[in-house]
Amino acid sequence: MVSRISDLIGYTPLLELCHTETGSRLLLKLEMYNPTGTAKVRMARQMVLDAEARGELRPGGRIIESTSGNTGLGLAVVAAERGYTFTAVVDHHACTDKLRGMKALGTELVYVVDDGTEELATAAREELAEEMAGGQDNTIFTEQHNNPSNGVGYFPVAHELHQALDGNIDVLIGAVGTGGMLCGTTRELRTLVPGFTTIGVEPKGSIAFGGPAHDYYQSGTGTPEGAEIGALVDFDLIDEGVKVGDIEAFATARAVARTGLLIGGSAGGVVHEALIRLPSLPPGSTMVALINDGGEKYLDTVFNDDWMNARNLIDPAMEREIDETLTKLRRI
């Protein structure tokens, strides 16, 4: 029994999605089994705990963050259980259910633009959040993209993987947004497991691994044009960076759903790249994909044919191809 929602964070399950004839397997670290249905509650708690330890956040204080949803949901839970006010600076690129969830948890939502457009406004959000927190007593801008506590919050993921797999990890693959999850997990895991490879995945249109820059619909990941690459994106920890387009990412999420598992859109991008690489791995390899969140928050978008068709994102032929790949690899 626990006394706080945040005490339920961690020890999320591993699911073998599929395997090859040579014994290589793709395991999914299912972070949707955390409170709020996302990995980011891990770093949200760590950022608050460290701010308290430094004396920057005291009883009755206020937390401000720029968020596309999942970090905000995590901070909303931590703020609610610790008696803080939480203000989330958001835009309409965020999934509606994430915004509704934050509001239900008592969050004050401040829209950086309120003209109804879906444009991703990361840089403007960050600027406004910093401005709102500036000079205010007992108020912190957690600044997730540049807060070292973000990465530290994912150290337990490394220990969970090491414990569950007895150190048998050959490839770690995950999305790169703030960089906290993939780089934080990698940093700690390399103290426990030698010789594994880390692969970072960002949307096509994101700039962390180079251009060209353009708009994309994958939510909560990547670095859009005009935003600075976060300090937590440590290229020394990422052996290879790759890009996956929205169509491929969403087709994969939709195909995985037909195995009985709902994953988010950016997680679809991670699994898409993992499925491409799995057959060429040395026999008996273990690849672990970090699945940041579940698909329940994307029922109005990624899993909505009308929304997908309106943005020319749906590709039935690609979905069928991925379906066939999964069916083949799951029957071996």
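This is a predicted model: local features need pLDDT of at least 70, side-chain atom pairs count only at pLDDT 80 or more; totals for chains, interfaces and linings use all residues.
Residues are numbered from 1 along each chain as its sequence is written, and side-chain values use heavy atoms, with hydrogens and water left out.

Ile-5 sits in the segment before strand 1 (14-19). Helices (H or I, at least four residues) and strands (E, at least two) are DSSP runs, numbered from the N terminus. With 46% relative accessibility, Ile-5 counts as partly exposed; buried means under 20% relative accessible area, exposed over 50%, and partly exposed in between (1.4 Å probe, protein chains only).

Now for the salt bridges. Side chains of opposite charge can pair when their charged atoms come close. The rule used here asks for a side-chain nitrogen of Lys or Arg within 4 Å of a carboxyl oxygen of Asp or Glu, and by this rule the count comes to 18 salt bridges. Here are some of them:

| Salt bridge | N to O distance |
|---|---|
| Asp-137 and Arg-58 | 3.1 Å |
| Asp-234 and Arg-187 | 2.7 Å |
| Lys-243 and Glu-202 | 2.6 Å |

Asp-137 and Arg-58 pair up through their side chains. Asp-137 lies in the loop between helix 4 (122-133) and strand 6, and Arg-58 in the loop between helix 1 (40-53) and strand 3 (62-66), so this pair ties together parts that are 79 residues apart in sequence. Asp-137 is exposed at 63% relative accessible area, while Arg-58 is partly exposed at 34%.

Next comes the salt bridge between Asp-234 and Arg-187. This pair links distant parts of the chain, 47 residues apart: Asp-234 is in the loop between strand 8 (197-203) and strand 9 (240-244), and Arg-187 is in helix 7 (residues 180-189).

Lys-243 and Glu-202 form another salt bridge. Here strand 9 holds Lys-243 and strand 8 holds Glu-202, 41 residues apart. Lys-243 is partly exposed at 24% relative accessibility, but Glu-202 is buried at 1%. There is a network too: salt bridges link Arg-254, Arg-258, Asp-305, Glu-319 and Asp-323.

What about buried spots? Thr-139, in strand 6 (residues 139-141), is buried, with 16% relative accessible area. Leaving aside neighbours within four places in sequence, Thr-139 is in contact (heavy atoms within 4.5 Å) with Arg-62, Ile-64 and Ala-133. Ser-149, in helix 5 (residues 148-152), is buried as well, at 4%. Beyond its neighbours within four places, Ser-149 is in contact with Met-43, Gln-46, Met-47, Asp-50 and Arg-54.

Finally, a pair of helices. Helix 8 (residues 246-257) and helix 9 (residues 265-277) pack at about 90°, their axes 7 Å apart. That makes helix 8 roughly perpendicular to helix 9. Among the residues that meet are Phe-250 and Val-256 in helix 8, and Val-271 and His-272 in helix 9. Axes are lines fitted to C-alpha atoms, for helices over the stretch in contact, and angles run from 0 to 180 degrees between N-to-C directions. Angles under 35 degrees count as roughly parallel, over 145 as roughly antiparallel, 65 to 115 as roughly perpendicular and the rest as oblique.
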